[in-house]
Amino acid sequence: MRRALALAWRGNGRTSPRPRVGAIVVRGGKIIGEGYFAQSGADHAEIIAIRATRKRTRSLADATLYVTLEPCSTHGRTPPCVTAIVREKFKRVVVAAIDPNPRHAGKGLKLLRRAGIQVASGLLAVEATEMNRDFNHWITTGRPWVTAKIAQSLDGRIKAPSGDDRWLTSPAARKAAHELRAGANAIVIGAETARADNPHLTVRLPGRQADAQPWRVVLTRSGKLPRGLNLFTDQHRKKTLIYKNMPVADVLKRLAHRDVMNVLVEGGGYVLGEFFAAGLVNEVAFFVAPCILGAGPMAVEWPTTSPLKKRAALRRMEIEKAGPDFLCRARVATRA
């Protein structure tokens with residue numbers, strides 16, 4: 001199952017609005033086929049694993065299928081995987097996590113058992129559920145999973161004094177930030193950040209497909225943005241969305257309707273503050289550079305109209321090195 005989980009992660013950032021799924025076919029203690037869900041609309045992991053196995057053997061009647069998520073039992077963009085599994089007459093199916101959708105949860109397993117297939121579930125369920133936390137949240141709440149990401153100095157500032165280098169953090173930290181972007185379906189910033197930094201908000205990692213970029217979302221009160229910004233002129237300009245004077249909760253609803261299940265909020269400070277004040281942040285990813293700036297805008301600012309009413313307590317905190325910098329990741333315990 002650990003191999004299936006590793007395979008599933010290869011689809012990170014490309015499967016929305018579907019979960020990351022990996023599948024392994026085992027016979028006699030040896031892997032004879034494997035697959036993962038690569039992108040929305042593609043064949044599911046189970047089908048790819050079966051197809052790979054079929055190149056090596058005619059019968060799967062004595063084989064076991066390991067899959068990270070309960071096989072689908074309804075016909076969507078592709079036929080149900082349960083039907084294919086039953087047709088191949090697998091001896092046993094081992095599932096990590098159950099489908100979180102109340103309409104589907106457990107139904108696939110019942111159909112497999114009814115067909116005479118041995119079924120077990122719960123193996124590495126915690127890891128499998130964690131891997132698809134954004135999908136699970138989107139399915140059960142109707143809102144995307146929100147990660148607040150920022151690069152700041154040790155004293156909580158986000159902009160170096162005039163004349164200093166543009167980047168607070170190191171190349172290693174910036175690479176880690178792009179890996180965060182690679183798992184997001186949308187990146188959100190405010191109008192001031194768009195004007196001051198003129199960012200591209202793209203994923204720049206080796207092997208990243210040009211058409212697999214997240215939505216670039218700008219929140220603005222006035223709607224007045226320079227039309228020469230990269231967001232409006234580069235090759236991904238059709239993936240730029242502008243939301244004028246709209247509460248962040250409504251922005252998330254609009255994005256959810258676009259099948260966005262994972263949002264990375266990159267600031268600036270007031271935009272992050274709005275998301276925190278609304279109780280809509282699920283996770284934080286703060287990059288901290290080993291420096292003191294002493295002046296300048298803060299990483300998180302509180303709008304006077306919507307101050308933080310309850311502290312955002314963090315849990316499951318992890319701190320890791322990224323070059324000379326630190327990346328602090330944690331879950332927000334109190335949210336709407």
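Buried means under 20% relative accessible area, exposed means over 50%, and partly exposed is in between (1.4 Å probe, protein chains only). The model is predicted: local features need pLDDT of at least 70, side-chain atom pairs count only at pLDDT 80 or more, and totals for chains, interfaces and linings use all residues. Residues are numbered from 1 along each chain as its sequence is written, and side-chain values use heavy atoms, with hydrogens and water left out.

**Exercise 1. The buried side of H10**

Task: Name the buried residues of helix H10 (residues 248-257), and say how they are placed around the axis.

Solution. 
- Step 1. List them. Val 248, Val 251, Leu 252, Leu 255 and Ala 256 are buried in H10.
- Step 2. Look down the axis. These residues cover an arc of only 140°, so they are on the same side of H10. The arc is taken from the directions that run from the helix axis to the C-beta atoms.
- Step 3. Recall the rule. An α-helix has 3.6 residues a turn, so residues three or four places apart point the same way.

**Exercise 2. Around Leu 219**

Task: Which residues touch Leu 219, leaving aside its neighbours within four places in sequence?

Solution. 
- Step 1. Leu 219 belongs to strand E8 (residues 215-220). Its relative accessible area is 13%, so Leu 219 is buried.
- Step 2. Collect the contacts (heavy atoms within 4.5 Å). Leu 219 is in contact with Val 188, Ile 189, Gly 190, Ala 191, Tyr 243, Val 248, Val 251, Val 271 and Phe 275, once neighbours within four places in sequence are left aside.
- Step 3. Val 248 and Val 251 are among the buried residues of H10. Val 271 and Phe 275 are among the buried residues of helix H11 (residues 269-277).

**Exercise 3. Aromatic pairs**

Task: How many aromatic pairs does a search of the whole structure find?

Solution. 
- Step 1. Rings of Phe, Tyr and Trp (its six-membered ring) pair if their centres lie within 6.5 Å; planes under 30 degrees apart are stacked, over 60 edge-to-face, and the rest tilted.
- Step 2. Count. The search of the whole structure finds two pairs.
- Step 3. Take Phe 135 and Trp 138. Their ring centres are 6.5 Å apart and the planes lie at 40°, so this pair is tilted. The two are three residues apart in helix H6, so about one helical turn separates them.
- Step 4. Take Phe 276 and Trp 302. Here the centres are 6.3 Å apart and the planes lie at 80°, so this pair is edge-to-face. Phe 276 is in helix H11 and Trp 302 in the loop between strand E11 (283-288) and E12, so the pair ties together parts 26 residues apart in sequence.
- Step 5. Phe 276 is buried at 11% relative accessibility, whereas Trp 302 is partly exposed at 36%.

**Exercise 4. Cis peptide bonds**

Solution. 
- Step 1. Pro 17 is in the loop between helix H1 (2-8) and strand E1 (22-27). The bond joining Ser 16 and Pro 17 is cis, with omega about 5°.
- Step 2. Gly 268 is in the loop between E10 and H11. The bond from Gly 267 to Gly 268 is cis, with omega near 10°.

Notes: Helix = DSSP H or I, 4+ residues; strand = E, 2+ residues; numbered from the N terminus.
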